[in-house]
Amino acid sequence: MTDIKAVVRVQHPDIVLSQTVDHDRSSTVKSVSEAGTDPTSGKFFYHIESSDFSQFEDGLRKDSTVAEFERVSETRDEKAIYSFEYTDEAKVLSPVVSAANGVILDMENDGSAWILTVWIPERTELVHLWEYAQENDIDIELLRVNEYASLGTTDAGLTDSQRDALLVALETGYFEEPRDATLGDVAADLDISQPAASGLLRRGIKRLIVSSLLDDEESPD
């Protein structure tokens, strides 16, 4: 088995939050990794940067893909974290990737388009994403793909604990949207605390991204 990490650009007005970022051109939207989403809540978390949050929230109210939103926290430098609930009109790509046993590791807007970083166990499974895009008139472009040995047979720079945590999280459905398992479930399977499990997952995902998407000279210390 050869895992791949693919970077894909997609665009359609009904992809979640597309109408909002088109309304507030100053905004940058990026998914929050390991947000601890309640699998039954239907809430999804994003980092938001905007020069005018009033403009951003006005866009949210007019966005047919957004059912509910909440500003969860706000930091300096025009940054905040929001939670969103989607409407039935929203086109959500993560279930398509999950059905192929893959994970969307990152999602960030590029204007009104979206750049997705996808991990998937087999290159051929990407066809499902392309089929969904064609069926829903979504513009899709493959920007980059990297092949590397299976997560189960190589460390990719991972510690044994990080690899075990990632495999448990994948097998239990922690990366599904909505999640089939909570962070507490993953921690219980690993027999460690929730903060320890969260740290292993965050560092493991970062290590996978660095090992597959960055050249050696780009790798952070």
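Predicted model: local features only at pLDDT ≥ 70, side-chain atom pairs only at ≥ 80, totals over all residues.
A search of the whole structure finds seven aromatic pairs. In one of these, F69 and Y82, the ring centres lie 6.4 Å apart and the planes meet at 40°, so the pair is classed as tilted. Ring pairs link F69 and Y82 with Y46, F53, F56 and F84 into a cluster. Over the ring of F53, a member of this cluster, sits the charged end of R71, at 4.9 Å from the ring centre.

F84, located in strand 5 (residues 79–86), counts as buried because its relative accessibility is 0%. Beyond its neighbours within four places in sequence, F84 is in contact with L17, G42, K43, F44, Y46, I48, F56, L60, V66, E68 and F69. L17 lies 67 residues from F84 along the chain, and the C-alpha atoms of these two residues are separated by 9.3 Å.

In helix 4 (residues 126–135), the buried residues include L126, L129, Y132 and A133. These four residues are placed on the same side of helix 4 because they cover an arc of only 120° around the axis. Q134 and E135, by contrast, are exposed on the other side of helix 4. Just after helix 4, D137 adopts a positive phi of about 55°.

Terms used. Residues numbered from 1 in each chain as written. Heavy atoms only, no water. Buried < 20%, exposed > 50% of the residue type's maximum accessible area, 1.4 Å probe, protein only. Helix = DSSP H or I, 4+ residues; strand = E, 2+ residues; numbered from the N terminus. Arc of directions from axis to C-beta. Contact = heavy atoms within 4.5 Å. Phe/Tyr/Trp six-rings, centres within 6.5 Å; stacked < 30°, edge-to-face > 60°. Lys NZ or Arg CZ within 6 Å of the ring centre and 35° of its normal.
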